[in-house]
Amino acid sequence: MSRKSFPSNTQPMYVLEESFYPDAWRDDSRMGVLLTEFRTRTVNPENYDSKMRFWKELIVKYCGHEGSGSVSITELKRVFKRKGTSPYCLSTVFEDMMKEGQLVAKVEFLKMPQETWSGWAVDVMVKRPFGWGFGKVKEKLVGNVQDESAEFICMEVIKSQSNMLEKLIQKENKYNVLLSRSSLTELVKKLNLSGEAIDLVLHHLLCRQRVFMEKLPSEEDHEKKVLLKFAVPGAQAQPITDIERSIYNLEQTEHDLMKVIEKLEQNISDTMVAVKQNLRDGKKQLAKSNLKKMHLLEKNLDKKMNVLDNVQTMVSRIHDSQSDRHVIDAYKIGSNALKTAFADSGITLDSVDDTLAEMKEILEQQDEMQTMISTPQNTDVDDLELEQELSDLIDVNLAANNIVAPPATPGVAPPTIPGAGGPGQPTLAQLNEFDKEIEKRLLALRMDVPSPPPSDTSISAGTSVLPNNNLPSTRPAFMLN
């Protein structure tokens with residue numbers, strides 16, 4: 001519900017809901033105190049502060065309920081009249097709210113912010129002191145007379161409405177998009193904002209540099225047409241560019257053409273219905289006239305469709321050019337950043353080539369080192385002499401244990417040891433210990449050198465040629481284990 005101005009000698013056009021008022025409103029004794037004029041605060045500071053807080057909260061709540069931050073004493077006296085009694089303390093409440101910055105005179109609020117240092121200096125050093133001095137002189141001469149019909153702006157409500165509007169703009173993704181005043185009015189229908197409240201909120205956002213406003217002359221009624229451009233969060237509003245203005249004009253043309261096309265299609269449909277009705281009524285000439293009219297409308301529709309296609313193509317290309325410009329800017333930023341990174345690190349094509357060549361040379365040197373390290377060293381020890389010495393040691397040990405090892409016959413299993421473990425014979429444990437000792441010596445005698453070529457020369461029955469890493473094949477199986 002939007003608030004309307006009340007005539008001077010009439011009652012309010014509507015009554016606030018009972019749920020709007022606080023609980024104290026239904027207490028006659030309490031309201032009898034709250035409606036009267038304030039006493040000196042020193043008499044009862046607690047009651048004074050409680051009464052002041054009651055009226056401040058009620059005024060702010062009323063402005064938010066009505067959807068406008070503008071309020072006057074005259075209006076509140078009519079709205080808050082209770083059982084024929086109007087509040088007589090509102091002048092004191094307004095003065096206190098003005099001291100705390102909760103209320104601002106509307107004429108002061110609507111002053112445009114100074115955009116230059118000279119304008120700001122004149123406003124601060126000349127205009128404001130002059131106005132303050134004039135007010136003091138007037139107060140001394142005629143007393144503290146307050147115009148109850150003067151309008152004031154409740155700053156708490158204006159700030160709250162500004163936050164709601166910015167959240168709506170963010171939700172609808174209308175940042176950096178040109179909006180007309182009428183389109184903004186359609187957009188904020190969901191919010192509890194009156195027409196006057198929208199202007200006050202826009203002025204507040206303009207003073208905070210959250211929106212840029214531009215007035216254009218209208219060709220239809222020669223009135224000023226307002227264009228709005230909201231800034232993204234955390235940034236200041238920027239002026240409207242020629243490209244943005246051109247895009248807006250093209251989009252408005254597109255919107256108007258779509259309305260014209262929609263109307264033409266409706267006229268064609270209505271004319272076709274009229275032709276059929278004329279034929280049913282036997283009005284041939286009238287049907288012929290309506291049919292001719294329908295063809296003219298169809299030709300006009302085709303022309304409008306072609307114009308609309310051209311406008312839409314133009315708008316699409318402009319948007320693409322804007323997107324391409326952002327892409328090119330991103331490429332430039334990336335290229336400059338990469339150049340800076342290369343310059344800071346000292347990387348060049350010559351340095352990369354030199355580094356790779358040096359790395360290749362070092363790897364080749366490492367391969368040569370590894371080959372040299374893994375080459376086996378020559379030894380003066382003869383492998384045949386080691387095998388002969390090992391065979392002699394085995395024979396001596398066998399003889400000491402009274403064991404005769406006959407030469408091995410191909411295809412015949414080695415003989416068993418008669419009486420193994422008997423009296424005077426070596427036990428199986430002794431033989432195992434002997435085998436372990438032989439394995440230790442064989443491991444100690446292993447050489448990483450090529451084996452000598454096989455020889456056909458016969459060796460005495462007590463010895464045999466040993467393979468490189470294995471026991472002689474002529475030894476009994478119980479010794480080889």
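1. Lys-83 is placed in the loop between H3 and H4. The model under review is a predicted one. Most residues other than glycine have a negative phi. The residue is exposed, with a relative accessible area of 65%, which lies above the 50% cut-off for that class.

2. Asn-176 is not a glycine, yet its phi is positive, at about 55°. The residue sits in the loop between helix H7 (155–171) and strand S4 (178–180). Is Asn-176 buried, partly exposed or exposed? Asn-176 is partly exposed, because its relative accessible area of 42% falls between the limits of 20% and 50%.

3. The next point concerns the largest nonpolar core. This core has 31 residues, of which Trp-25, Trp-55, Ile-59, Leu-76, Phe-80 and Phe-94 touch the most other members. Two or more residues are given to the core by each of helix H1 (28–34), H2, helix H3 (73–79), H4 and strand S3 (151–154). H2 provides the largest share, 9 residues. In soluble globular proteins, nonpolar side chains tend to be buried together.

4. Setting aside neighbours within four places in sequence, Leu-76 is in contact with Ile-59, Tyr-62, Val-71, Pro-87, Leu-90 and Phe-94. Another core, of 20 residues, lies apart from the largest one and has among its members Leu-168, Leu-184, Leu-193 and Leu-202.

5. How do H2 and H4 cross? The axes of H2 and helix H4 (residues 90–99) come within 10 Å and cross at roughly 80°. H2 is therefore roughly perpendicular to H4, since angles of 65 to 115 degrees fall in that class. On the H2 side the contact is made by Tyr-48, Met-52, Trp-55, Lys-56, Ile-59 and Val-60, and on the H4 side by Leu-90, Thr-92, Val-93, Phe-94, Asp-96 and Met-97. Sorted by class, this contact of H2 with H4 has 9 nonpolar, 1 polar and 2 charged residues.

6. Glu-66 also belongs to helix H2 (residues 45–66). The residue is buried, with a relative accessible area of 1%, so it meets the requirement of under 20%. What joins the side chains of Glu-66 and His-65? The two are linked by a polar contact of 2.9 Å.

7. The axes of H7 and helix H9 (residues 195–207) come within 9 Å, with a crossing angle of roughly 85°. H7 is thus roughly perpendicular to H9. Met-155, Ile-158, Lys-159, Gln-161, Ser-162, Leu-165 and Glu-166 of H7 meet Ala-197, Leu-200, Val-201, Leu-202, His-204 and Leu-205 of H9. The class count for this contact of H7 with H9 is 8 nonpolar, 3 polar and 2 charged residues.

8. Leu-165 is found in H7. It is buried, with a relative accessible area of 2%. Not counting residues up to four places away in sequence, Leu-165 touches Leu-184, Val-188, Leu-191, Val-201, Leu-202, Leu-205 and Phe-230. Leu-165 and Val-201 are 36 residues apart in sequence, while their C-alpha atoms are 8.3 Å apart in space.

Note on methods. Residues numbered from 1 in each chain as written. Predicted model: local features only at pLDDT ≥ 70, side-chain atom pairs only at ≥ 80, totals over all residues. Heavy atoms only, no water. Helix = DSSP H or I, 4+ residues; strand = E, 2+ residues; numbered from the N terminus. Buried < 20%, exposed > 50% of the residue type's maximum accessible area, 1.4 Å probe, protein only. Polar contact = N/O pair within 3.5 Å; in protein donor to acceptor, adjacent residues only side chain to side chain. Axes fitted to C-alpha atoms, helices over the stretch in contact; angles between N-to-C directions. Parallel < 35°, antiparallel > 145°, perpendicular 65-115°, else oblique. Contact = heavy atoms within 4.5 Å. Nonpolar A, V, L, I, M, F, W, Y, C, P; charged D, E, K, R; others polar. Core = buried A, V, L, I, M, F, W, Y, C linked by side-chain atoms within 4.5 Å.
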